Amino acid sequence: QKEVEQDPGPLSVPEGAIVSLNCTYSNSAFQYFMWYRQYSRKGPELLMYTYSSGNKEDGRFTAQVDKSSKYISLFIRDSQPSDSATYLCAMVGNTPLVFGKGTRLSVIA
Amino acid sequence: EAGVTQFPSHSVIEKGQTVTLRCDPISGHDNLYWYRRVMGKEIKFLLHFVKESKQDESGMPNNRFLAERTGGTYSTLKVQPAELEDSGVYFCASSQVPNTEAFFGQGTRLTVV
């Protein structure tokens, strides 16, 4: 079993839709949870960073962590074509960052 | 504030040749990391510097890879001799606090032919 599982998609939604991206993990030592956005031929860009269970909101983005279920989510409200990218979850505990495979998202105008 | 800078952005070399990748971290970030993504796989950790010291090099694939960070500023990753399976995108990242909020460079796309 991989430490971090993430559905690679692709996921295609119409503009304005609410997007839900998810990762599950198996390592209970993970304490910090991050979401990165990566545009084609660019490096990962840190979007959200949280270390506790619950929700964290930043504009149209909400990160949710459920440590009891080992499940994290990223919600994007009012999705825009500019949100089209690959979204990677990443986690760290007593190890360096461990990434999911990334979910490729397309928002269609 | 300048972000993490990597050079070159793209390198194509023949099997058996040597390639050196460079990373300039964000100024003031003591922690510098190298990661690699091979096609179809996740981004995988290679190693972690704290200033000029190697904190963790557990992800380095073999002794053909040599990373240095002289003076605790920029870092280089040398692959010698390069093999076909070394092809991928090599990312550098830096952070103020270890293993948190790492900021990534744009990556170096290495193609070994």
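Guide: A residue counts as buried under 20% relative accessible area, as exposed over 50% and as partly exposed in between (1.4 Å probe, protein chains only). A:S79 is buried, because its relative accessible area is 0%. The model is predicted, so local features need pLDDT of at least 70 and side-chain atom pairs pLDDT 80 or more, while totals for chains, interfaces and linings use all residues. Residues are numbered from 1 along each chain as written, chains are lettered from A and ligands numbered from 1 in written order, and side-chain values use heavy atoms, without hydrogens and water.

A:S79 lies in the chain A loop that links β8 (71–76) to β9 (85–92); strands (E, at least two residues) and helices (H or I, at least four) are DSSP runs numbered from the N terminus. Beyond four places in sequence, the contacts of A:S79 (heavy atoms within 4.5 Å) are A:V13, A:P14, A:E15, A:G16, A:A17, A:V19, A:R60 and A:V107.

In chain B, an open, antiparallel sheet has 4 strands in the order β1-β3-β8-β7, where pairing requires at least two DSSP bridges. Its edges are β1 (5–7) and β7 (65–68) of chain B, each of which pairs on one side only.
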